[in-house]
Amino acid sequence: MVPYLDVQHLTKSFGALTLFRDISFSIGEGQRVGLIARNGTGKSTLLNILAGKDGYDSGDIVFRRDLKVGFLEQSPAFDPDETVLDACFNHQGEEEKVLRAKQVLTQLKIKDLQQPMGQLSGGQQKRVALANVLLTEPDLIILDEPTNHLDLEMIEWLESYLQWGNRTLLMVTHDRFFLDRVCSVILELDDQTIYTYRGNYAYYLEKRQERIDNKRAEIARANNLYRTELEWMHRMPQARGHKARYREEAFYELERVAKQRIEERQIRLKASNVYIGSKIFECQYISKAYPIANSLRNVTLSKREQPTANSQITILKDFYYNFSRFEKMGIVGNNGTGKSTFIKMLLGLEPVDEGRIVIGDTVRFGYFSQEGLQFNEQQKVIDIVRDIAEYVDLGGGRKFSASQLLQYFLFTNEQQYNYVYKLSGGERRKLYLCTVLMKNPNFLVLDEPTNDLDIVTLQILEEYLQDFPGCVIVVSHDRYFMDKVVDHLLVFKGDGVIKDFPGNYTQYREWASMEGAKDPEPSKSFRESKDSGDSKEDNSRRRDGSPQKRKLSFKEKREMEQLEKDIEALEGEKKQIEEALCGGTTSVDEITAMSKRLPILNAELDEKSMRWLELSEL
């Protein structure tokens with residue numbers, strides 16, 4: 001494996017705050033590395049250092065000679081007058097590059113290559129920046145939150161793009177599905193130290209727990225020894241001569257280990273006094289549309305798609321829905337299909353064109369918006385939350401103070417008394433979330449709550465929402481988060497079409513795949529025979545009116561038998577790889593090869609299993 005990047009003994013501080021100390025890691029050709037850390041611990045700073053945009057205190061960073069590096073920043077900046085095409089290719093517009101740019105930008109829903117960058121939204125600019133990184137074909141790709149501002153369709157396309165070929169990348173992302181499917185190595189930045197896990201996200205979770213268990217056992221052993229040694233230190237001060245000095249030095253090292261703490265939350269934040277009546281809200285045949293001219297700030301159109309005077313985007317058309325008590329609903333769909341508009345209508349922030357929305361008298365909304373909350377930079381974190389309430393009444397005589405809520409969402413005592421201007425972007429989003437929850441709502445409406453939050457905070461929020469005794473609506477592109485939280489989906493397909501699905505996102509995708517396999521587009525000959533009244537259509541149904549299953553052809557039977565053998569062999573190979581990765585005796589080169597093979601293996605299994613299901617339906 002050719003080394004691309006070697007980092008040795010890197011340290012970075014801001015004043016008295018040390019982000020990381022003496023960390024070392026390396027990235028080799030073909031490795032796809034995910035970096036995981038809590039908000040405010042230095043993820044983006046580390047990427048900026050590697051990209052040459054930030055300095056560091058000490059250490060060495062060595063790239064392979066002539067290595068071409070591409071870097072996607074969290075908030076890229078462009079010349080507002082340059083075109084999309086210029087922004088992608090640094091003012092080089094050869095025909096071959098233009099064709100490639102159109103392909104990638106179309107996948108990212110950017111269609112007008114001549115549009116000035118100043119006319120694009122922040123999310124669209126981030127997508128152009130992503131296209132720029134991909135199109136310049138760097139040897140090493142560094143990505144900071146690449147899935148932010150992408151809809152589900154774009155995220156799945158990017159997954160496939162990064163999995164294909166021998167790409168080498170280092171990325172920070174909170175999208176755990178993305179991490180699991182794309183990355184072969186996980187780096188965890190924790191307590192100023194970096195840990196390396198040679199596997200995907202699922203492997204990381206398993207091995208991280210082992211590391212924590214081992215650390216906990218080490219601290220317990222150190223505490224037992226520490227008590228013994230402490231007695232010796234108190235009892236025999238006269239014995240501290242030259243011969244005992246080594247033991248005294250060992251005592252202070254033991255004391256350091258014994259006083260370490262592994263942060264654990266021993267409580268689950270459950271409220272028992274949140275009351276919501278049986279009448280929640282009812283959408284009574286509501287319709288909503290926008291003239292396209294009013295929507296151009298969010299939608300990029302090519303010259304051939306320029307709107308006419310009467311053009312409009314339909315968000316809802318005669319939509320009826322009666323929300324149930326304690327329902328946890330997810331809303332998914334591509335960008336521009338009206339998800340955020342729908343919840344703003346529900347909250348009374350956007351008028352409906354026709355119909356009406358009836359809200360129950362007991363409903364108290366808590367709204368977490370994409371735009372966030374503007375804080376007073378000179379105010380302390382704890383005061384921001386206390387300005388809303390001193391405590392939340394959990395019922396049964398239990399109360400949860402502002403400080404306890406902040407601590408629950410991983411704000412340390414020191415951070416609680418910091419000023420807002422010292423917070424990272426992710427910490428500000430987390431503080432905004434705390435201000436919403438401190439209002440003690442019984443109906444939470446969360447619009448893209450996962451953006452910029454670290455994985456540990458997402459796990460805490462998932463746990464909170466699972467225990468939440470009220471109603472929840474979540475708009476999110478985070479598939480893992482949706483699967484953990486929601487039990488029902490509204491799928492916005494665009495042009496006013498909404499699919500009501502009883503299940504989570506993964507279940508919906510499985511259902512959609514099977515429906516697509518069962519109901520292919522009818523061929524021309526079938527349509528013609530149907531139109532001409534061909535009697536075969538009637539013969540294809542049983543007496544009770546249900547479809548008559550046809551018999552498999554000889555070729556299809558042989559294919560199904562072969563699929564069963566292939567699936568069994570692939571599952572066996574997958575099991576062997578997983579056992580080898582967890583065994584601890586595999587070499588680094590073998591681990592790298594297996595980590596590359598595993599996602600290919602999963603893709604083959606998915607493809608063959610889906611084909612087997614198609615044939616079994618016949």
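## A buried loop residue

Ser369 sits in the loop between β14 and α10 (381-386). Helices (H or I, at least four residues) and strands (E, at least two) are DSSP runs, numbered from the N terminus. Ser369 is buried, at a relative accessible area of 7%. Buried means under 20% relative accessible area, exposed over 50%, and partly exposed in between (1.4 Å probe, protein chains only). Not counting residues up to four places away in sequence, Ser369 touches Arg429, Tyr432 and Asp447. A contact means heavy atoms within 4.5 Å.

## Basis of the model

This is a predicted model: local features need pLDDT of at least 70, side-chain atom pairs count only at pLDDT 80 or more, and totals for chains, interfaces and linings use all residues. Residues are numbered from 1 along each chain as its sequence is written, and side-chain values use heavy atoms, with hydrogens and water left out.

## The chain overall

The protein chain has 20 helices and 20 strands. Of its 618 residues, 46% are buried. Among contacts with a separation of 6 or more, 71% join residues 24 or more positions apart.

The accessible surface of the protein chain is about 32,100 Å², and carbon and sulfur atoms hold 47% of it. These areas come from the Shrake-Rupley method with a 1.4 Å probe; for residues, only the protein chains shown count as cover.

## The six-stranded sheet

An open sheet of 6 strands runs in the order β14-β17-β18-β12-β19-β20, with mixed pairing. Its edge strands are β14 (365-368) and β20 (497-501), each pairing on one side only. The twist averages 15° from one strand to the next. Two strands pair if DSSP finds at least two bridges between them. Strands β12 (residues 328-333) and β18 (residues 471-475) run parallel, joined by 4 bridges. Lys328 has Val472 as its bridge partner in β18.

Two helices accompany these strands. Helix α13 (residues 425-437) packs on the sheet and touches β14 and β17, its direction making about 170° with that of β14. Helix α9 (residues 339-346) lies across β12, β14, β17 (443-447), β18 and β19, at about 140° to β12. Axes are lines fitted to C-alpha atoms, for helices over the stretch in contact, and angles run from 0 to 180 degrees between N-to-C directions.

## Val491 in β19

Val491 lies in strand β19 (residues 488-494). Val491 is buried, with a relative accessible area of 5%. Leaving aside neighbours within four places in sequence, its contacts are Val332, Val497, Ile498, Lys499 and Tyr508. Val332 is 159 residues from Val491 in sequence, yet the C-alpha atoms are 5.1 Å apart.

## Antiparallel partners of β10

Strand β10 (residues 281-291) runs antiparallel to β13 (residues 354-359), with 5 bridges between them. Phe281 is bridged to Ile359 in β13. Strand β10 also pairs with β11 (residues 312-322), again in the antiparallel sense, over 7 bridges. Here Tyr290 stands opposite Ile313 in β11.

## Helix α5

Helix α5 (residues 152-163) has 12 residues and reaches 17 Å from its first C-alpha to its last, close to the 16 Å expected at 1.5 Å a residue. The expected span is 1.5 Å times one less than the number of residues. Its buried residues include Leu152, Ile155, Trp157, Glu159 and Leu162.

At the start of α5, a side-chain oxygen of Asp151 comes within 3.2 Å of the backbone nitrogen of Glu153. Just after α5, Gly165 takes a positive phi of about 75°.

Definitions and conventions
A polar contact is a pair of N or O atoms within 3.5 Å; within protein, one must be able to donate a hydrogen and the other to accept it, and residues adjacent in sequence count only if both atoms are side-chain atoms.
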